[in-house]
Amino acid sequence: MARRISMATRTELVEAIIERYRSGSRADKQRILDEFVAVTGHHRKHAIRVLARRKQPSRGHKNTTLRYGSDVRDALILLWEVSERLCSKRLKPLIPVLLPALERHGRLELDAELRDKLTTVSPATMDRLLAEVRVVARGGQRRRAGMSSAVRRSVPVRTFGDWNDPLPGFVEVDFVAHSGTSSSGSFAQTMVLTDISTGWTECVPVRTRDSGNVIVAIKQARSQFPFPLLGVDFDNDSAFMNEFVVSWCRSENLEVTRSRAYRKNDQAHVEQKNGAIVRRLVGYGRFVGTEATIALRQLYAVVRLHGNLFQPSFKLREKTRIGARVIKRYHPPVPPVARVLAHPAVTEADKDRLRALLVTADPVLLFAGLRAAQEELGKRVDRRGISQTLEEPVVVDFRRFAANLKVAWKNGETRPTHRRPYRRTKPLPKRPSMYEPFEAQIKEWLKDEPALSATNVLHRLIDIEPTRFEAKNLRMVQLLVKTWRMEMAGLFIVDSGWFRNVPASPATAAAGDADTFAAVGNTSP
């Protein structure tokens with residue numbers, strides 16, 4: 001296959017060899033033509049026409065007149081602003097309605113020629129005239145399509161209803177972020193790949209989300225599946241929708257599809273595994289650095305066997321809608337390995353390897369390894385990946401672990417990744433206030449002069465300490481004086497027996513007399 005070159009390189013190549021081709025002999029032309037076809041990939045007849053065409057004389061600059069000038073642009077800016085900055089395709093049919101209203105109220109004065117231009121201008125011309133205005137109105141940034149937009153458009157969409165019971169090998173792919181409560185900075189992530197037909201799931205930890213690591217993770221998961229991969233279904237994440245990942249998948253004969261934007265139900269299979277496997281076993285903590293990524297890899301090495309061999313899962317058989325009610329019926333729950341062994345499209349060699357793996361796998365030993373990996377991972381929850389002290393690896397006493405399985409439920413939560421350590425927050429020390437040494441003096445002033453204002457209090461403080469107090473402290477003095485007045489008023493009301501001295505109303509006095517009579521009547525002799 002010929003190696004493709006860019007259009008600019010082809011033009012330069014034609015200019016370099018065209019004179020030599022025209023002046024050469026028949027044998028020279030044949031040799032030059034062979035080289036040109038091999039380099040450019042052109043058809044031979046097209047290459048002959050390119051090299052044999054005559055040079056066209058330059059026609060010079062075409063004298064054109066500007067149809068839509070600054071007057072049309074200024075009027076369009078006004079119409080665009082009044083219409084609340086509509087797009088040009090919506091502004092075009094609004095102009096015949098908007099122009100008479102603006103002229104009727106004296107907002108715009110137009111002559112007949114300018115009015116005709118505004119009513120006949122096309123939406124594309126509006127876009128060109130308003131381009132710079134829109135950039136300034138947007139804050140000086142020109143809106144541009146993302147780098148992955150062209151790649152995303154080239155990948156077909158597959159919804160949740162388009163699978164139609166595919167063969168084993170078509171997987172949904174998604175990322176689970178281990179960012180904790182903050183998504184800032186760098187943190188580890190888990191790539192989850194779930195087979196649609198059998199439910200077989202592989203998890204691969206990734207330290208960063210660059211394209212190279214994504215391709216390496218897909219290669220690793222591809223080598224771990226018990227059957228060859230046939231297709232991958234991504235979401236619209238830029239980690240997947242880029243030229244490197246999509247081109248590599250297609251070069252490996254993998255069918256590439258994507259879900260609809262903001263429609264997580266298009267990837268319902270892998271989204272369910274994100275919670276049932278990753279979040280259930282790893283939790284929601286933050287994991288950073290190489291050591292955390294290695295601990296995740298050790299955990300997933302056990303999880304892939306324990307989950308795919310010994311964890312039954314449901315698979316939807318049919319779904320019926322009756323009005324607003326949806327009735328779902330499922331196949332009997334079986335582990336993913338059972339579906340792989342029962343599927344006729346899986347080769348016997350792959351099934352034999354699975355049967356041998358199933359015979360040698362010990363569920364209790366795998367479960368003990370899972371808890372040990374979680375214990376190792378639990379030491380790194382919400383910790384940075386640098387400046388950590390090296391700790392001894394977790395050693396599991398298998399006999400003791402197996403013996404405690406019957407009573408482990410009494411200990412409550414046994415997953416180390418979900419037992420979050422208690423962190424006591426140290427209270428901040430209280431800073432001494434500059435008004436504390438004068439608090440007693442100010443209260444005496446307020447007691448002697450209840451109507452004393454905060455401004456007068458501040459003036460007295462300035463007279464006492466002119467270097468400490470200034471006019472800008474008035475707001476703080478007002479708050480303190482208000483607080484101290486409320487405290488003094490409360491003490492006055494309680495201590496002076498004000499409630500006992502308030503004269504009672506006739507109804508209250510009658511009620512009090514009745515209560516007194518009842519109390520006297522009920523008193524025993």
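Visitor: What makes the place of threonine 40 a helix?
Guide: Threonine 40 sits in α2 (residues 26-40), and a helix is a DSSP run of H or I with at least four residues, a strand a run of E with at least two, each numbered from the N terminus. The model is predicted: local features need pLDDT of at least 70 and side-chain atom pairs pLDDT 80 or more, while totals for chains, interfaces and linings use all residues. Residues are numbered from 1 along each chain as its sequence is written, and side-chain values use heavy atoms, without hydrogens or water.

Visitor: Why is threonine 40 called buried?
Guide: Its relative accessible area is 0%. Buried means under 20%, exposed over 50% and partly exposed in between, with a 1.4 Å probe and protein chains only, so threonine 40 is buried.

Visitor: What does the side chain of threonine 40 reach at 2.6 Å, and what at 3.3 Å?
Guide: At 2.6 Å it reaches the backbone oxygen of phenylalanine 36, and at 3.3 Å the backbone nitrogen of histidine 42. A polar contact is a pair of N or O atoms within 3.5 Å; within protein, one must be able to donate a hydrogen and the other to accept it, and sequence neighbours count only if both atoms are side-chain atoms.

Visitor: How do you know whether glutamate 84 is buried or exposed?
Guide: Glutamate 84 has a relative accessible area of 69%, so it is exposed. It lies in the loop between α4 (70-82) and α5 (88-104).

Visitor: What is the phi of glutamate 84?
Guide: It is positive, about 65°, although glutamate 84 is not a glycine. Most residues other than glycine have a negative phi.
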